[in-house]
Amino acid sequence: MKISDLLKMGLRNLFRRKVRTILTVLGVVIGCLFIIITISIGHGMDRNFETQVKEYGSLTTINVNNYGIIYDEDGNWAGGQEQKLDKKLLEQIKAIDHVRAVTPIIRGEGELYSGKYRTGISIMAMDKDVYDDFEFPELSFGEYPTDEDNSVLIFGYYMPWEFYDEYYRSFKTVDLQKDKLIFKFYNWQYETNKRKREFTLPIKNVAKMVETKTEFDYNIYMDLDYFEKIYMQYCNTLTLEDRKKAIKVLDEYQQIKLNADNIDNVEEIQDKIKELGYQSDSLLLYLKPTIEASKTLQLIFLFLGAVSMFVSAISIANTMVMSIYERTKEIGIMKVLGCVVKDIRLLFLFEAGMIGVIGGVIGIGSSYAASFLINKYGQPLFGALMSGGMPMGEMATYSIIPIYLPLLGLGISIVVGLLSGYFPARRATKISAIEAMRTEN
Amino acid sequence: MKNNSEYIIEVKNAKKVYRMGKERILAVDDVSFSIKKGEFCCLYGASGSGKSTLLNLMAGIEKLSSGQIIIKGHNIHRMSEKGLAKFRQNTLGFVFQSYNLLNSMTALENVELPLVFKHMSVKRRRKMAREMLKNVGLADRQKHKPTEMSGGQQQRVGIARAFVSNPEIVFADEPTGNLDSKTSREVMDIIKRMAKANNQTIVMVTHDKGLTEYADRIIHIFDGKIEEIIDLKAEDKKDNEAPTGNTG
């Protein structure tokens, strides 16, 4: 038989048993719909999760603080410990597998002056080489530190705070690009050597980050080397006794920040750090229960989808078996008239596959509709299901259908159709012509 | 091989045994005969005599228990399933007692069906099918479904289907079994006329003595064996020798 005849005959047979075909197709539609919607909700969850997590920082980042909080197995607070973060620890951490980038962080507390106006700032001094690894955002002006010039002071989007004049009690917003700024370290801790001039640093090189809605917005960064340089200059203005104390600050970090090469290795690295005797923090640790809950939810959905697809496979097989019983005589006649066995098998496979195709196409159409409805009216249900809250401000999307998803749905439908049609088709070819022609229908 | 040109069908020691539970039924018992090209051969016998089984064996629809059946030099029980299907497409036509038309298809589509299996183009096969329907006098019934036609009309569609691919041999299994005597004669006339026109070989099974007169040769089957072979054509030529009494 020619392909065109095969298609014509198959479609005619499907059309002949309209009600049964429609019911079988409906089964496939539901299965396909379920699978697509399930995965689309998974994508929606992931998207929400990502936006939400980005507000806190990267999931692969691990922080070791100079005061470590100890958690028990259930994640509850169980005490704390002072942790000495020094060069030795830094090297040990660097040696851990899967650690991509490590930087110590020293916080420099000080003030910025613009004329009589002042504001307090806290500088995070980090190794400039790892800025990329920690995904530092783009700058709206200025440049990140380079080997040639590392003197830049980088402000987060909301930094610095407004400047304040205590005497006149007035605020002023400073234009970082135009106004002259002078930086001083807080000097309540140490005594200044009276014979030396007070340390002041005119800020000549500034940069500002774009808005990220993450922690970057509220921090001020500087290269670690440059920071150490200006800090040493500052220390030189102190009394001999305090100078030694002040210099020691550089030997101990406030924080060590590191980056895992993969989200899956974060826990492993944290365990290794624990073996070194240090507590560490990561966003992943906090979000793990949330991630696991949403993964479980997705698995349940996917399972439901698979079950409904399985049920529709059975239903297709049933339809095809019934159809063979009904058409036993027809098959016999076709055989006697010289129809080769292959064509009979193809005919049945085509009919089963066609049920899959029609079901898949309708399933795709209805899943787009369902996705739209979920996003529009699904807030009460899905808002509750997706724990951890929704991204602020914007309208949340619960169901996202990427372009591959309808193709996947259609593919699964066709495969289910063909698989469930295969055995009935094989059976059809085994019908003996003489037996078939004796049956009445 | 020497018989190839003369005999189109050769049946040699054909045997068919059915098993019904523990019982073995010998439906066809060591039958041998040959049929010439263009001959109208009638397998005549009472119901249960094994004549239909013999026809099915000759058509390759049923498997032989032992023996050989050679059609056009091919041992058809040695052929592969696909080869047999192709052989049926090209060489064999079938007319059935219960017509065996596909009820979902129109008369025209039913006649077209054997040509569909032969991968013929739509245009060509439609033309041939129309021609055939015209030949059997159903030119105005092309678009009718089998259920909308009388028995005689259905059988004429069946005949058109059997002859449409111009096969060398047409097997007819009680073609008039479900028809009244008047329509039977009409149907038989059509078969005879069509076969004559293209020098086709007809093998017909019947239990109706009246129909045997259409045949050139009558092979009388009784209890799975050939009781006698009556050569009507030869008799005609031999100036009407007293016809051998046809036992009923």
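Me: Leaving aside its neighbours within four places in sequence, which residues is A:S40 in contact with?
Reply: Contact here requires C-beta atoms, placed from the backbone, to lie within 7 Å. Beyond four places in sequence, the contacts of A:S40 are A:S371, A:S399, A:I400, A:I401 and A:L405.

Me: What kind of model is this?
Reply: Residues are numbered from 1 along each chain as its sequence is written, with chains lettered from A and ligands numbered from 1 in the order in which they are written. Local features need pLDDT of at least 70 and side-chain atom pairs pLDDT 80 or more, while totals for chains, interfaces and linings use all residues, as this is a predicted model.

Me: Is A:S40 buried or exposed?
Reply: A:S40 sits in helix α2 of chain A, helices being DSSP runs of H or I with at least four residues and strands runs of E with at least two, numbered from the N terminus. A residue with 20 or more other C-beta atoms within 10 Å of its own is buried, one with 12 or fewer exposed, and one in between partly exposed. A:S40 has 26 within 10 Å, so it is buried.

Me: In β10(A), what is the bridge partner of A:E111?
Reply: Strands pair when DSSP finds at least two bridges between them. Antiparallel strands β4 and β10 of chain A share 4 bridges. In β10(A), A:E111 is partnered by A:K184.

Conventions
Two residues are in contact if their C-beta atoms, placed from the backbone, lie within 7 Å.
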